[in-house]
Each structure stands twice: as structure tokens, then as C-alpha cells.
Amino acid sequence: MSLTRLRCCAMRSSVKKSKKINPQVAALNFFAEAGLLKRVKRSGWWVAGIENPESVAEHCFRCAVIGYYIAHCEDVDPFKVVTQTLFNDIHEARINDLHKMGHYYIDFREAEKKAFSDQVADLDKKVKASLQAMRRDYEGQLSPESVVARDADILECLVQAKEYADNGYPVARTFFKRAPDHLKTATARKLWKQALSWDAHAWWQNVVKFER
């Protein structure tokens, strides 16, 4: 056998064949990844001096609530919006959340795409196709629902910034400068305009009663 052929055989034998994963196991693995987002912190707030910011999972939950509301006001499919908001940051289970300064030095978009592609690779075909289509729609802002979902994402960040500012972190107001310019829907813009003069603590003060 020639040296070249020996090398080719060695190369072929060294390549590990990917094992087909049981679909139920793949689903459970995916659920575990989603659960990890409960421990992944939103890193952008660290630069504002907030040592223990909310998790990515917490952000996604309220993003879904906001998206559901805006979707109804904008007459688009609320369930499609909620789906996009819930899965928007799923890739961060693998690559963590990276604040905007980090994005300046790293091609984070490509990392997000690769992480997401690997995450859904072994899922049920129907689920995989649905998530991939959803991802393309959101990233390309191709549908009215994807526009609303992105607005919900931005508005949640802004509401969180207002809450942090009201809780004694004035540097969080820095996020007020540029983010609002990216809101596209009339509903999101109106909500943010109102939020500027809104007291984040007013809602519970009107509910809590003091009794002797």
C-alpha cells in the first residue's frame, strides 16, 4: 500500500462519525440549554455598575409579555411574536450574553448563527424547520411580527434601564440615548415616551395597603 493511501486511510479512521441522537434525548438536551439561561446574566448592565443584573431568561420572559401587548395594538399575530421573543436569545446558552463593547471586537452575529445551528441540529425535523424559519424571519426583520418582536426586545431593555435608574443606578439612563431611536412601531414609541415620566414603583404602592 502506498504512503499516500495509508495517510488517506488514517485520516478517514480518525474522523469520528456523528452519532444519531434519540429525538427525545435531543429535546431534553435542548430544554436543559434553555434552563441555563436562568443563570446567564445580561452583561450590558455591568458597565452601569449593576453587579447582579437580571438573567437572559428573565429578560426573555418580560420581552414576551411586552411583545404580546404590542402585537395586539399593532394588529399582528401575538403568538408568532411571543415565539420569536422567547427564542430570540436561546443561543446565549452556549456563548453567553456579550455587551455592546464586546460586539465591537468580535463578529458576534456569526457566533450566534453557529450556536443556534448547532442547538437545533438534532431536534425533531418539524421543530427544527419551524425554529430555523422563525430565526430567518427575526434576523431579517421580514414580517410585521418580527418587527414587533424586536421592538419588544428593545423596549424591555429600556424599561429595565428605567427601573434600574429608579432604584439608584443613574448611569443606566445612558441606555436612554440611542436605543429609543431603533423602535419602529407607533405603540412601542408611545410606551417609551410615557415611560420617561413613569414611576417604576407606583404600581405596587397603589396595591399595598397598611393595616393596624
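The structure is a predicted model, in which local features need pLDDT of at least 70, side-chain atom pairs count only at pLDDT 80 or more, and totals for chains, interfaces and linings use all residues. Residues are numbered from 1 along each chain as its sequence is written, and side-chain values use heavy atoms, with hydrogens and water left out.

In soluble globular proteins, nonpolar side chains tend to be buried together. Here a nonpolar core is a set of buried Ala, Val, Leu, Ile, Met, Phe, Trp, Tyr and Cys residues joined through side-chain atoms within 4.5 Å; buried means under 20% relative accessible area, exposed over 50%, and partly exposed in between (1.4 Å probe, protein chains only). The largest such core holds 25 residues, and the members that touch the most others are Leu155, Leu183 and Trp192. Two or more residues come from each of helix H3 (56-73), helix H9 (144-166) and helix H10 (186-195). Helices (H or I, at least four residues) and strands (E, at least two) are DSSP runs, numbered from the N terminus. Helix H9 is the main contributor to this core, giving 9 residues. Leucine 155 is in contact (heavy atoms within 4.5 Å) with Ile66, Ile70, Leu183, Ala188, Leu191 and Trp192, leaving aside neighbours within four places in sequence. Another core, of 13 residues, lies apart from this one, and its members include Ala26, Ile90, Leu123 and Met134.

Two threonines come next. Threonine 185 is found in the loop between H9 and H10, and is buried, with a relative accessible area of 7%. Not counting residues up to four places away in sequence, threonine 185 touches Ile70, Glu74, Val147, Val148 and Asp151. Valine 171 is 14 residues from threonine 185 in sequence, and their C-alpha atoms are 27 Å apart in space. Threonine 187 belongs to helix H10 and is buried too, with a relative accessible area of 11%. Its contacts, again without residues up to four places away in sequence, are Tyr69, Ile70, Cys73 and Glu74.

Two packed helices are described by the angle between their axes and the distance between the axes. Axes are lines fitted to C-alpha atoms, for helices over the stretch in contact, and angles run from 0 to 180 degrees between N-to-C directions. Angles under 35 degrees count as roughly parallel, over 145 as roughly antiparallel, 65 to 115 as roughly perpendicular and the rest as oblique. The axes of helix H7 (residues 108-120) and helix H8 (residues 125-140) come within 10 Å and cross at roughly 165 degrees, so H7 is roughly antiparallel to H8. Glu112, Lys113, Phe116 and Val120 of H7 meet Lys128, Leu131, Gln132, Arg135 and Glu139 of H8. For helix H4 (residues 78-87) and H9, the axes come within 9 Å and cross at roughly 50 degrees, and the two helices are therefore oblique to each other. On the H4 side the contact is made by Lys80, Val81, Gln84 and Thr85, and on the H9 side by Glu145, Ser146, Val148, Ala149 and Ala152.

What about the cysteines? A disulfide is a covalent bond between the sulfur atoms of two cysteines. With a disulfide taken as a pair of cysteine sulfur atoms within 2.5 Å, the count comes to 0 disulfides. Cysteine 60 is in no disulfide, and the nearest cysteine sulfur, that of cysteine 63, is 6.5 Å away. That distance is too far for a bond. Cysteine 60 is buried at 5% relative accessibility, and cysteine 63 is buried at 2%.

Phenylalanine 61 also sits in helix H3, but is exposed, with a relative accessible area of 57%. Phenylalanine 61 and isoleucine 106 are 45 residues apart in sequence and 27 Å apart in space, C-alpha to C-alpha.

Finally, two loop residues have a positive phi without being glycine. Asparagine 96 has phi near 65 degrees, lies in the loop between helix H5 (92-95) and helix H6 (100-105), and is partly exposed at 44% relative accessibility. Glutamine 141 has phi of about 50 degrees, lies in the loop between H8 and H9, and is partly exposed, with a relative accessible area of 30%.
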